[in-house]
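Student: I have a structure open and want to go through some of its contacts. Can we take it piece by piece?

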Amino acid sequence: MQNKIFFLFVFFFTIISCSTSKDRFLNRNYHKLTTKYNVLYNGKEAFNVGKKILDNLYEDDFFSLISVEPIFLRGESIDNSTIIPGFQRAEEKSVKAIQKHSMNIKGYQKNPLIDDAYILLGKARYFDRRFFQALESFNYIIENFSNPKNYLQARIWREKTNIRLNNNELAINNLKGISENLIKKSSFSGILNASLAQAFLNVKKLDSAKLFIKKAAITEKNHNYKARYFYLTGQLYEKLNKKDSAIWAYNKIRLLKRKISRKYYINSIIKLNILDENEDLESKLNKLEKELKNFQNREFKHYLYSGIAKILNKNGKDSLANRYFMLSQNSSSVDFYTKINNYNSLIDYNFKKGDFINSGKYIDSLISIYNPKEIEIRVLKRRKESLLDVIRYEKIAYETDSLIKLINMNAKERFSF
């Protein structure tokens with residue numbers, strides 16, 4: 001009997017507290033707890049899984065300016081939704097939280113976690129690359145906010161979304177306005193300055209981009225993003241011909257050691273050895289050979305071989321450099337962008353040597369790794385076409401030389417040949 005009374009009490013309590021239109025203590029706390037520990041928790045978990053997959057699978061092009069923020073995998077189109085699971089589920093959970101647990105009573109939101117649901121919804125749509133829908137979510141928070149932290153976060157993410165929509169000047173003006181009122185130790189300082197850097201990169205203002213990505217690197221708390229920002233800082237300093245400052249930035253990454261992804265550490269070591277003119281060639285090669293023997297670097301040997309090749313090239317040892325480019329190319333874990341760099345280096349090496357036939361073969365190999373729809377294919381095909389006549393004449397000359405050589409032999413030499 002007591003059990004029946006207890007279950008009836010629980011049943012009626014649940015029914016009463018389920019209402020989203022009654023501003024009562026039970027209702028508010030029921031919907032708040034259900035939002036936090038059920039739908040929103042699962043949504044955040046799904047989002048974090050998607051973000052982790054994206055960060056782990058993303059291939060950085062360390063031979064060009066690396067991206068400020070990974071958002072799509074190679075082969076994906078920025079205009080289409082992502083193939084990565086997690087973001088759509090995070091959106092579904094956010095929408096469920098808003099639809100079932102929002103307590104908007106007389107224009108006031110009585111469930112404070114609905115703000116969090118809208119933030120998660122905007123971020124999930126952003127990484128799913130549906131930027132207009134993401135803007136709607138962030139704008140809702142800005143227009144109806146009750147939590148100052150979420151309001152600030154929504155403003156920054158709205159401008160990140162504007163940058164993806166190529167509204168760079170608008171984003172720069174708005175982010176600068178936010179920056180002026182942001183305290184120095186704010187947890188949003190890194191993402192805000194990184195977003196400004198991205199906008200300035202988009203409008204080709206490298207000096208301004210360098211200033212803000214450096215600020216982002218210094219203030220960022222996440223170690224992998226810190227390393228990413230410092231690496232891009234170093235690259236921008238290189239482009240601006242400030243070698244000492246570039247060395248400073250790469251050295252900041254080196255000092256992070258095991259706190260960061262090994263790919264940033266290895267590439268910063270390579271950059272330091274390429275840029276440092278105070279050490280001799282043998283010392284540089286010894287350092288990189290030592291890194292090759294480190295078991296932690298077994299998946300990154302392609303970077304190290306390619307780095308050694310670049311240092312050898314810089315010191316006029318092109319033939320030996322060529323061998324290291326091949327070692328890099330044949331590494332089991334070689335990534336797409338290192339392959340491109342290696343093939344281009346091999347093409348240039350053979351072209352300078354006058355070996356146009358091998359240059360053409362490497363161009364064919366480079367063409368084969370691209371998607372048929374990529375614009376680079378057309379550029380490479382034109383490059384190959386420009387070599388075709390040279391290759392044809394070279395073959396004719398080679399055959400003619402061989403015939404002349406045979407003609408000039410006596411009968412015994414010719415029979416032996």
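Tutor: Let's start with Tyr151. Apart from neighbours within four places in sequence, Tyr151 is in contact with Ile141, Ile142 and Phe145. Keep in mind that this is a predicted model.

Student: Which helix is Tyr151 found in?

Tutor: Tyr151 belongs to helix H6, which covers residues 148–164.

Student: And how far apart are the C-alpha atoms of Tyr151 and Ile141?

Tutor: Their C-alpha atoms are separated by 6.1 Å, and the two residues are ten apart along the chain.

Student: What does Tyr151 count as in terms of accessibility?

Tutor: Partly exposed, because its relative accessibility is 24% and that class begins where buried, under 20%, ends.

Student: Switching to Lys271. Buried or exposed?

Tutor: Lys271 is buried, with a relative accessible area of 17%. It lies in helix H12, residues 262–275.

Student: What does the side chain of Lys271 make a polar contact with?

Tutor: With the side chain of Glu238, at 2.9 Å. Leaving out neighbours within four places in sequence, the contacts of Lys271 are Tyr231, Glu238 and Tyr250.

Student: Now helix packing. At what angle do H9 and H10 pack?

Tutor: H9 (residues 206–219) and H10 (residues 223–239) pack at about 150°, and their axes are 8 Å apart. That angle makes H9 roughly antiparallel to H10, because angles over 145 degrees fall in that class.

Student: Which hand is the crossing of H9 and H10, left or right?

Tutor: H9 crosses H10 in a left-handed sense.

Student: Which residues in H9 and H10 meet?

Tutor: From H9, the set includes Leu206, Ala209, Ile213 and Ala217; from H10, it includes Phe230, Leu232, Thr233 and Leu236. By class, this contact has eleven nonpolar, two polar and four charged residues.

Student: Next, H14 and H15. At roughly what angle do their axes cross?

Tutor: The axes of H14 (residues 301–314) and H15 (residues 318–329) cross at roughly 170° and come within 8 Å. H14 is therefore roughly antiparallel to H15.

Student: And the hand of that crossing, left or right?

Tutor: The crossing of H14 and H15 is left-handed.

Student: Which residues meet there?

Tutor: Among them are His302, Tyr305, Ile308 and Leu312 in H14, and Leu320, Tyr324, Phe325 and Leu327 in H15. The residues of this contact divide into nine nonpolar, four polar and two charged.

How values were computed. Residues are numbered from 1 along each chain as its sequence is written. This is a predicted model: local features need pLDDT of at least 70, side-chain atom pairs count only at pLDDT 80 or more; totals for chains, interfaces and linings use all residues. Side-chain values use heavy atoms; hydrogens and water are left out. Axes are lines fitted to C-alpha atoms, for helices over the stretch in contact, and angles run from 0 to 180 degrees between N-to-C directions. Helices (H or I, at least four residues) and strands (E, at least two) are DSSP runs, numbered from the N terminus. Angles under 35 degrees count as roughly parallel, over 145 as roughly antiparallel, 65 to 115 as roughly perpendicular and the rest as oblique. A crossing is left-handed if the near helix is turned anticlockwise from the far one by less than a right angle, and right-handed if clockwise. Contact means heavy atoms within 4.5 Å. Ala, Val, Leu, Ile, Met, Phe, Trp, Tyr, Cys and Pro count as nonpolar, Asp, Glu, Lys and Arg as charged, and the others, Gly among them, as polar. Buried means under 20% relative accessible area, exposed over 50%, partly exposed in between (1.4 Å probe, protein chains only). A polar contact is a pair of N or O atoms within 3.5 Å; within protein, one must be able to donate a hydrogen and the other to accept it, and residues adjacent in sequence count only if both atoms are side-chain atoms.
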